[in-house]
Each structure stands twice: as C-alpha cells, then as structure tokens.
Amino acid sequence: MNYREELEFQLQKVTLAIQEVIEDTCINETERQERIKKLINFKESIIYKGRELRIELEVA
C-alpha cells in the first residue's frame, strides 16, 4: 500500500468514526460535539499532510 492509499484509508476510517459518533445514542450532546470536533481536526490534518506531500486525495 502506498502513502496515498494509506492516507485515503485513514480518511475513510475517520469519516466512518464521525458517522458512528453521530449515531451513538449513549452519549450526551456535549460529548458528541467534542468527539466530532476532534475527529474533524484529525481529518483536516490528514488532508493537510496529503497537500503537503502533493498527493491528490479522494475525500469522502
């Protein structure tokens, strides 16, 4: 697996994690927002790393 594929795989995992947090009924709204914020920051850092390396990523 090359670096581009690895970054795309990480993006997919983060996107799925965000969806799971949104659908989780066991957490309160404040905790949900905090988790989503952290995951979005992680997703943005993956996208930034791809741009830094001049890799065109398919963002889900």
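This is a predicted model: local features need pLDDT of at least 70, side-chain atom pairs count only at pLDDT 80 or more; totals for chains, interfaces and linings use all residues.
Colleague: How many helices and how many strands does the protein chain have?

Modeller: The helix that runs over residues 3-23 is called α1, and the one that runs over residues 29-52 is called α2. The C-alpha atoms of the chain fill a box of roughly 40 × 20 × 15 Å, when the box is taken along the principal axes. As for the count you asked about, the chain has 2 helices and 0 strands.

Colleague: Are α1 and α2 roughly parallel or roughly antiparallel to each other?

Modeller: Two packed helices are described by the angle between their axes and the distance between the axes. Here the axes of α1 and α2 come within 10 Å and cross at roughly 165°. Angles over 145 degrees count as roughly antiparallel, and the relation of α1 to α2 is therefore roughly antiparallel.

Colleague: Is the crossing of α1 with α2 left-handed or right-handed, and which residues make the contact?

Modeller: Where α1 passes α2, the crossing is left-handed. On the side of α1 the contact is made by Y3, L7, Q10, L11, V14, T15, A17, I18, V21 and I22. On the side of α2 the residues that make the contact are R32, R35, I36, L39, I40, F42, K43, I46, I47, K49 and G50.

Colleague: What is the distance between the closest N and O atoms in the salt bridge of R4 with E8?

Modeller: Side chains of opposite charge can pair when their charged atoms come close. R4 and E8 are 4 residues apart in helix α1, so about one helical turn separates them. R4 is partly exposed, with a relative accessible area of 32%, whereas E8 counts as buried at 13% relative accessibility. Between R4 and E8 the closest N and O atoms are apart by 3.5 Å.

Colleague: How far apart are the closest N and O atoms in the salt bridge of K49 with E52?

Modeller: K49 and E52 both lie in helix α2, where they are 3 residues apart, or about one turn of the helix. K49 is partly exposed with a relative accessible area of 33%, and E52 is partly exposed with a relative accessible area of 45%. In the salt bridge that K49 forms with E52, the distance between the closest N and O atoms is 3.4 Å.

Colleague: How many salt bridges does the count come to?

Modeller: The pairs include R4 with E8, E29 with R32, and K49 with E52. The rule asks for a side-chain nitrogen of Lys or Arg within 4 Å of a carboxyl oxygen of Asp or Glu, and by this rule the count comes to 4.

Colleague: By what distance are the C-alpha atoms of I47 and E8 separated?

Modeller: I47 is found in helix α2, and with a relative accessible area of 18% I47 is buried. I47 and E8 are 39 residues apart along the chain, and their C-alpha atoms are separated by 9.0 Å.

Colleague: By what distance are the C-alpha atoms of R54 and R4 separated?

Modeller: R54 lies in the segment after α2, and at 79% relative accessibility R54 counts as exposed. Although R54 and R4 are 50 residues apart along the chain, the separation of their C-alpha atoms is 9.7 Å.

Technical notes: Residues are numbered from 1 along each chain as its sequence is written. Side-chain values use heavy atoms; hydrogens and water are left out. Axes are lines fitted to C-alpha atoms, for helices over the stretch in contact, and angles run from 0 to 180 degrees between N-to-C directions. Angles under 35 degrees count as roughly parallel, over 145 as roughly antiparallel, 65 to 115 as roughly perpendicular and the rest as oblique. A crossing is left-handed if the near helix is turned anticlockwise from the far one by less than a right angle, and right-handed if clockwise. Contact means heavy atoms within 4.5 Å. Buried means under 20% relative accessible area, exposed over 50%, partly exposed in between (1.4 Å probe, protein chains only).
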